[in-house]
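Please keep the sequence and the model in view while reading.

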Amino acid sequence: MPFLSATLDRVKPSPTIAVTGLVAELRAAGRDIISLGAGEPDFPTPKNIREAAKRAIDDGKTTYTVVDGIAELKEAVVAKFARDNALEYSTAEITVGTGGKQVLYNALMATLNPGDEVIIPAPYWVSYPDMVRLAGGEAVIVEGSIANGFRIKPDQLEAAITPKTKWLIFNSPSNPTGAGYHEAQIKALTDVLARHPHVWVLTDDMYEHIAFPGFEFCTPAQVAPFLKDRTLTLNGVSKAYAMTGWRIGYAGGPAHLIAAIRKIQSQSTSNPCTISQWAAVEALNGPQDFISDNVEVFRRRRDLVVQGLNNAEGIDCQTPEGAFYVYPSIAGCIGKTSSSGALIDNDEAFSKALLEETGVAVVFGAAFGLSPAFRVSYATSDELLAMACDRIRSFCAGLS
Ligand SMILES: Cc1ncc(COP(=O)(O)O)c(C=O)c1O
């Protein structure tokens, strides 16, 4: 009898975390590496939020709390949904977990039975398909083509729905492409869902606040209020407030789903870190103006990277609406050989040769379900980004 669970056969380790590990190894070996792999802002957590955490410690707010979040944080989340998304939730319709990642995992664990299908537009955040499989479901991948700005079309959604479909996972602006769906594009998808009342929407709005001029963020339950009773609106403080390590995510949804999520969480981690919860209360209720300053920094870097990459031979990089990623196509590089003799027959080979020959770390597109491409996270300094683009340009110029 094998010791390890068969569940492990259904999932792959996270490729983005693998890149982070490889970068650490190469740096330890003395290599000069520019990492464009990490999915986190390079800004510090704002001071008022750090101070709130220190106060929580000094005030002895260091014990267990109710499983899915203190009342103060749930109230702050209710106010946030009303303020930013015109969504009215009660505190019984709010759950808080250890990062958006845990809330997503709990929601899938709480709802999927063997054989249930979950529609996932590609390119997708790496964790979606594996989490679905861990929970016993089937991931149904629908490709958002480059030609359509990495968005799926309503007829593709319609064709993917079967009687077994339980969820559509929706993510705008997206990790890994930065692509955002405009209101009319969301409406076209929700019109399809109107005809399929058994399909729920799990909308991952993690990059809501990192939206560039010309793009106005909206979320499905806001665009199509009839969907609110079958939508889980997921968000968190990691990206907008530079709080990735604090591990606080939250969601709003029907009370019976929130209760099911609470039950799963009560038998795994219990409450998210108490101190982080108090920090998140301050993040959501405190000043919000620094967000637009950060977004302006990201916009400048986006433009720098898009231009830098489009100057590289064989690379075609679209300009995204939000987040801090670009997802350039490398169709023009496939089949070539690098100056040190590596055959670039797919995007994994491209990323490997790029790292070995130039010290620039990116994540290959196959990890996100759309090839040949790679993901760049531009949450790093302008200087490093300019240097990385130069190295990528000379790598591409050396392909023959
Ligand atoms: C699309 C998306 N959703 C969810 C998460 C999870 O965020 P966290 O668990 O830090 O709240 C991430 C983090 O990279 C993400 O990119």
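## Helix α1

The expected span of a helix is 1.5 Å times one less than its number of residues. In this predicted model, helix α1 takes in residues 15-28, and the 20 Å that its 14 residues reach from the first C-alpha to the last is close to the expected 20 Å.

Which residues of α1 are buried? They are Pro15, Thr16, Val19 and Val23, and because they cover an arc of only 105 degrees around the axis, they lie on the same side of α1. An α-helix has 3.6 residues a turn, so residues three or four places apart point the same way. The buried residues of α1 pack against the strands β1 (34-35), β12 (360-361), β13 (363-364) and β14 (374-377), whereas the face turned away from the buried side carries the exposed residues Ile17, Glu25 and Ala28. Just after α1, Gly30 adopts a positive phi of about 95 degrees.

## Helix α13

Helix α13 (residues 382-397) has 16 residues, which should span 22 Å at 1.5 Å a residue, and this agrees with the 22 Å that separates its end C-alpha atoms. The buried residues of α13 are Asp382, Leu385, Ala388, Cys389, Arg391, Ile392, Phe395 and Cys396. Their packing partners include the helices α11 (289-310) and α12 (347-358), together with the strands β1, β11 (343-344), β12 and β14; among the elements packed against the buried residues of α1 are likewise β1, β12 and β14.

## Helix α10

Helix α10 (residues 274-285) reaches 17 Å from its first C-alpha to its last, close to the 16 Å expected for its 12 residues. Because 9 of these 12 residues are buried, α10 is largely enclosed by the rest of the structure. Among the buried residues are Trp278, Val281 and Leu284, as well as the polar Thr274, Ser276 and Gln277, and the buried residues of α10 pack against α2 (47-58), α3 (71-85) and β8 (249-252).

## Ligand surroundings

There are 13 residues around the ligand, of which Gly100, Asp204, Ser238, Lys239 and Arg247 come nearest. Arg247 places a polar side-chain atom 2.7 Å from an oxygen atom of the ligand, and an N or O atom in the side chain of Tyr207 is likewise 2.7 Å from a ligand oxygen atom. Lys101 contributes through its backbone, where a polar atom is 3.0 Å from an oxygen atom of the ligand. Taken alone, the ligand exposes 400 Å², and the protein buries 92% of that area.

Methods: Residues numbered from 1 in each chain as written. Predicted model: local features only at pLDDT ≥ 70, side-chain atom pairs only at ≥ 80, totals over all residues. Heavy atoms only, no water. Helix = DSSP H or I, 4+ residues; strand = E, 2+ residues; numbered from the N terminus. Buried < 20%, exposed > 50% of the residue type's maximum accessible area, 1.4 Å probe, protein only. Arc of directions from axis to C-beta. Contact = heavy atoms within 4.5 Å. Near = heavy atom within 4 Å. Polar contact = N/O pair within 3.5 Å; in protein donor to acceptor, adjacent residues only side chain to side chain. Areas by Shrake-Rupley, 256 points an atom, 1.4 Å probe, with all protein chains shown as cover.
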